[in-house]
Amino acid sequence: MTRIENFGGRVAVVTGAASGIGRGIAASLVTAGATVVIADIDGPGAERAARDLGAHARQVDVTEAAGVQALADSVISDFGRADILVNNAGVGPLSTFDDLTTADFGWVMDINFWGVIHGLKSFLPLLLGNPHGGYIVNTASAAALIPGAGTAAYAASKAAVVAVTETLGVELAGQAKVGVSVLLPALVRTNINANATKRPGHHEGAPAAADFLPPGRLLEPSAVGAIVVAAMRAGERYIFTHPETRGPVEERYQALLRAYARQGKEPS
């Protein structure tokens with residue numbers, strides 16, 4: 001798979017990078033030598049992060065295709081190229097299925113899934129047209145592979161991101177220009193749980209997102225950023241932050257294989 005060995009001179013755009021995982025990735029890209037554009041719906045937060053990291057800030061709502069296209073246009077106008085796109089903007093409301101409204105599902109999909117689609121539609125042509133090639137990282141979640149209570153909307157949106165990334169990887173295979181990875185983090189110190197109160201159906205007495213978080217090791221965003229940059233250097237399709245999630249993923253796929261074994265016999 002295509003990889004990026006030298007980040008010097010590269011222009012990277014990271015959405016949802018005012019804080020959390022996005023900021024951690026942006027910081028690691030700056031350290032690696034890239035020119036980084038921090039894009040976030042929180043304009044002042046993006047400006048602060050850009051000042052702290054030595055990056056550039058843009059305000060963007062990833063749910064708006066026109067806004068993401070304007071972001072892409074501004075990157076080309078200001079820097080003359082785009083090499084790396086990290087579709088990271090996301091929200092994570094965790095609540096029981098019966099407490100989540102259809103509006104909640106729409107809100108989550110608009111940001112977590114359509115935000116990725118808008119980014120790909122606007123930036124992929126630029127990366128394919130870049131004579132030096134490029135790279136895409138889409139942020140999903142280990143929740144896309146490991147079923148858990150409270151994750152119906154969140155995991156569904158992230159599973160869609162995994163599917164799009166894998167499909168894009170198949171379609172781009174052999175062109176040796178644009179690498180594609182999907183990030184599958186587990187527990188990371190972010191504001192995603194606080195953002196859960198912004199869901200349309202949130203109400204007083206709603207289940208707390210923290211009640212659905214599994215026990216485990218909490219990783220700092222800076223550590224995730226370092227993992228992502230290393231994976232881009234290696235050209236990894238799947239980027240895992242917590243090796244300990246392998247067990248539950250293996251259990252899921254073993255269950256699938258057992259179902260195949262039971263159901264795959266020729267009818268008598």
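Okay, hi everyone. Before anything else, keep in mind that what you have on screen is a predicted model.

Let's start with helix packing. Two packed helices are described by the angle between their axes and the distance between the axes. The pair I'll take to begin with is α4, residues 102-128, and α5. Their axes sit 8 Å apart, at an angle of about 20°. That is under 35 degrees, so α4 and α5 count as roughly parallel to each other. The crossing of α4 past α5 is right-handed.

Who makes that contact? On the α4 side you'll find, among others, Phe105, Met109, Phe113, Ile117 and Leu124. Facing them from α5 are residues including Ala153, Tyr154, Val161, Val164 and Leu168. Sorted by class, the contact between α4 and α5 comes out at 18 nonpolar, 2 polar and 1 charged.

Now the other pair, α1 and α2. Helix α1 covers residues 20-32, helix α2 covers 43-53, and their axes come within 10 Å, crossing at roughly 30°. That makes α1 roughly parallel to α2. Here, too, α1 goes past α2 in a right-handed crossing. From α1, the contact uses Arg23, Ala26, Ala27 and Val30; α2 brings in Ala49, Asp52 and Leu53. The class count for α1 with α2 is 5 nonpolar, no polar and 2 charged.

Have a look at Ser141, in the loop between β5 (134-139) and α5 (152-172). Is Ser141 buried or exposed? With a relative accessible area of 5%, Ser141 is buried, because buried means under 20%. A polar atom of the Ser141 side chain lies 3.0 Å from the backbone nitrogen of Ala143. Leaving out residues up to four places away in sequence, Ser141 touches Tyr154, Lys158, Leu183, Leu184 and Pro185.

Last one: Met232, in helix α7, residues 221-234. Its relative accessible area is 0%, so Met232 is buried. What does Met232 touch, leaving aside neighbours within four places in sequence? The contacts are Arg3, Ile4, Phe7, Leu29, Ile84, Tyr135 and Val137.

Key. Residues are numbered from 1 along each chain as its sequence is written. This is a predicted model: local features need pLDDT of at least 70, side-chain atom pairs count only at pLDDT 80 or more; totals for chains, interfaces and linings use all residues. Side-chain values use heavy atoms; hydrogens and water are left out. Axes are lines fitted to C-alpha atoms, for helices over the stretch in contact, and angles run from 0 to 180 degrees between N-to-C directions. Helices (H or I, at least four residues) and strands (E, at least two) are DSSP runs, numbered from the N terminus. Angles under 35 degrees count as roughly parallel, over 145 as roughly antiparallel, 65 to 115 as roughly perpendicular and the rest as oblique. A crossing is left-handed if the near helix is turned anticlockwise from the far one by less than a right angle, and right-handed if clockwise. Contact means heavy atoms within 4.5 Å. Ala, Val, Leu, Ile, Met, Phe, Trp, Tyr, Cys and Pro count as nonpolar, Asp, Glu, Lys and Arg as charged, and the others, Gly among them, as polar. Buried means under 20% relative accessible area, exposed over 50%, partly exposed in between (1.4 Å probe, protein chains only). A polar contact is a pair of N or O atoms within 3.5 Å; within protein, one must be able to donate a hydrogen and the other to accept it, and residues adjacent in sequence count only if both atoms are side-chain atoms.
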